[in-house]
Amino acid sequence: MTKLLETIDEPQRLSELSLPELEQLAAELRTYIIQTVAQTGGHLAPSLGTVELTLALYSVFKLPRDKVIWDVGHQAYAHKILTGRREAFTALRRYGGITGFPCRTESPYDAFGVGHASTSISAALGMAIARDLDDRGEHVIAVIGDGAMTGGEAFEALNHAGQLGKRLIVILNDNGMSIDTNVGAMSEYLSRLRVMPQYNKAKKDLEGFFRSIPHIGDTVLKTAEYIKDGVKSVLVPGGIFAEMGFTYVGPLDGHNLRLLREVFSEIRMMDGPVLVHVHTKKGRGYLPAEIEPDKFHGVGTFDVISGQVKKDEGAPPTYTEVFGQTLVKLAAENPNITAITAAMPGGTGLKVFAEKFPNRYFDVGIAEEHAVTLAAGMAAAGKRPVAAIYSTFAQRAYDQLLHDVCLQNLPVTLCLDRAGLVGNDGPTHHGVFDLSYLRMMPNMTVMAPKDENELRRMLITALSIDGPAALRYPRGTAAGVPLTDDVQPLPLGKGEILREGGDVCFLAVGSMTANALQAAELLAADGIATEVVNMRFVKPLDRELLLEAAGHVKLLVTVEENVLAGGFGSAVLECLADAGRTVPLLRLGIPDRFVPQGDRSLLWEECGLLPYQMAARVRERLGRTYG
Ligand SMILES: Cc1ncc(C[n+]2csc(CCOP(=O)(O)OP(=O)(O)O)c2C)c(N)n1
């Protein structure tokens, strides 16, 4: 039998379907999402929770004229499948395949590019303003999770939208979860709404009310009034959103297609900003994901029947794990150490710390800016805060790092996980800018370890510096070196010569040290004697070592998993220029463009960072320079 899903190439078809057909489609979508993500990996639990929401929205609103902006975009798999990418979905997140998030260049239905949280209401308001300036009539709808709602930008946008009073729909997709359990006073407020005794009764009343409307058009105004004054006061004591100028509707069962369609049909006719609060279940329809929504938030390949995630048994620990364990050890010795995460306790390895030292552990929600200034405040008051943030999300806290931490020379330790190319999450998530944006900040020390043992030494070093320090390390398994018992701090600003050679010298940073060593082997086989230095510090630079190397080789090669613009190679050039030295120098790193998604090794290849490519570039440059 032909599946209904196979007949849907564009979302316009959805408005022709009956309620039972839409319900059938919901089931088919779930099966397709589960089976595909089991093969590709991806954001399973968030996307299973929004199936009915997507169907209800797309069967009521007129896409692509009406704009739907998905916050983060990790819950938008049904959106992708229903908007012309059903077959392409099998290559989700793969190199050359479709991206894991909405992306404007991928589809006209992807109204706004996303990946980082809490941007949807700002973007939607911008579109609503543009629409009104141009006298158009489309609807603009932001769909934001309760986790993303903890981000400051979401509040800034609500604040602005409430004041402007423009026609705008915000759908709050509340599943009680961020990646881990959601945190914060707003989250507690939302869960109070969930358990209010009036909720179930009022929900029924609301359903009954809409069902009893014979000619919807005639009763729109009455309905709008009911929603505005009735539901608000029954269901939302204090009504935060109403106080901010929004008409509040809800909470509604986000899996009840009929109810959602009815409510969306009504609010389509309303003016001003409206917030529809829906309750959904993360992982809905796949039991393993319902039971462990955090594990299935973003998941690798897994077995559909058992729900077992495929693991590489016997693989070395991840950098994240080594960081988490080391911090726990250090915190046991130093009661001043505190740990801060911005909604990523699992992802940053801080869960062990949270269990051991709950009163010194702080999950601030998706609020990287606050996390950094919070750390600055703790440091100013005598603590040794460690803020563990993914490199890409720390971009949010640029000014806080500069103005609150570095300007005051406060001893905040910044641990940047997922630095470098992250793989399948793609350009929104690659952590390839941090060396550039950190090294220009006065007072900042910047380090990158070549392996997990060095990560531990760098953490101790950072915590011994009387000022700000950052270390950045990559996603995934570490080098697999034995962890030594006696972990000593590193000499500040000193590199390490790993291999001697008189023709070429690789100056390598962090993850690229291993690749440089392999490239050196290849060159040595061609009779090109190649030195390799593990620089350890991007700031302060080991000037002495650099100038010495510049004096005895024919070519210096800098190699980093960071953008070339303003990165480590630029720092080396500055150092040489300041010393009045002109030396042939080749810079290897991430080019001046956004790198797509795919396996990390494929992306390294795309950027010319595999050992054979490095060796080829060196040979070519030597040939050109010395004939
Ligand atoms: C600025 C930023 N920080 C952190 C993240 C990582 N992140 C992705 S989804 C997510 C949780 C979002 O929770 P919610 O909005 O409730 O959506 P749900 O996954 O529960 O559907 C987090 C913390 C991010 N995408 N952007």
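1. Setting aside neighbours within four places in sequence, Phe101 is in contact with Gly73, His74, Val114, Gly115 and Thr428. The model is predicted. Phe101 sits in the loop between helix H4 (77–82) and helix H5 (120–133). Despite that loop position, Phe101 is buried, because 26 other C-beta atoms lie within 10 Å and 20 or more are enough for that class. Leu82 is 19 residues away from Phe101 along the chain, and their C-alpha atoms are separated by 14 Å.

2. Next, the nonpolar core. The largest one has 177 residues. Ala124, Ile141, Ala371, Leu471 and Phe506 touch the most other members. Helix H1 (residues 19–40) supplies the largest share of this core, eight residues.

3. Phe506 deserves a separate look. Leaving out neighbours within four places in sequence, its contacts are Ala516, Ala519, Ala520, Thr530, Glu531, Val532, Val533, Val557 and Val559.

4. The crossing of H20 past H24 is right-handed.

5. Helix H3 (residues 51–60) packs with helix H11 (residues 257–267) at an angle of about 40°, with axes 9 Å apart. H3 and H11 are therefore oblique to each other. Their crossing is right-handed. H3 contributes Glu52, Leu53, Leu55, Ala56, Leu57, Ser59 and Val60 to the contact. H11 contributes Leu257, Leu260, Arg261, Phe264 and Ser265. The contact of H3 with H11 divides into eight nonpolar, two polar and two charged residues.

6. H3 also packs with H1. Here the angle is about 135°, and the axes are 10 Å apart. H1 and H3 are therefore oblique to each other. H1 passes H3 in a right-handed crossing. From H1 come Leu22, Leu25, Ala26, Leu29 and Arg30; from H3 come Val51, Glu52, Leu55 and Ser59. Six of the residues in the contact of H1 with H3 are nonpolar, one is polar and two are charged. Glu52, Leu55 and Ser59 take part in the contact with H1 and are also listed in the contact with H11.

7. Last, helix H22 (residues 568–578). Phe568, Gly569, Ser570, Ala571 and Val572 are buried in this helix. The buried residues of H22 pack against both helices and strands. The helices are H18 (434–439) and H21 (543–552). The strands are E13 (504–508), E15 (537–539), E16 (555–563) and E17 (585–590). After H22 comes Gly580, with a positive phi near 75°.

Notes: Residues numbered from 1 in each chain as written. Predicted model: local features only at pLDDT ≥ 70, side-chain atom pairs only at ≥ 80, totals over all residues. Left-handed = near helix turned anticlockwise from the far one by under 90°. Helix = DSSP H or I, 4+ residues; strand = E, 2+ residues; numbered from the N terminus. Core = buried A, V, L, I, M, F, W, Y, C linked by C-beta atoms within 7 Å. Buried ≥ 20, exposed ≤ 12 C-beta atoms within 10 Å, placed from the backbone. Contact = placed C-beta atoms within 7 Å. Axes fitted to C-alpha atoms, helices over the stretch in contact; angles between N-to-C directions. Parallel < 35°, antiparallel > 145°, perpendicular 65-115°, else oblique. Nonpolar A, V, L, I, M, F, W, Y, C, P; charged D, E, K, R; others polar.
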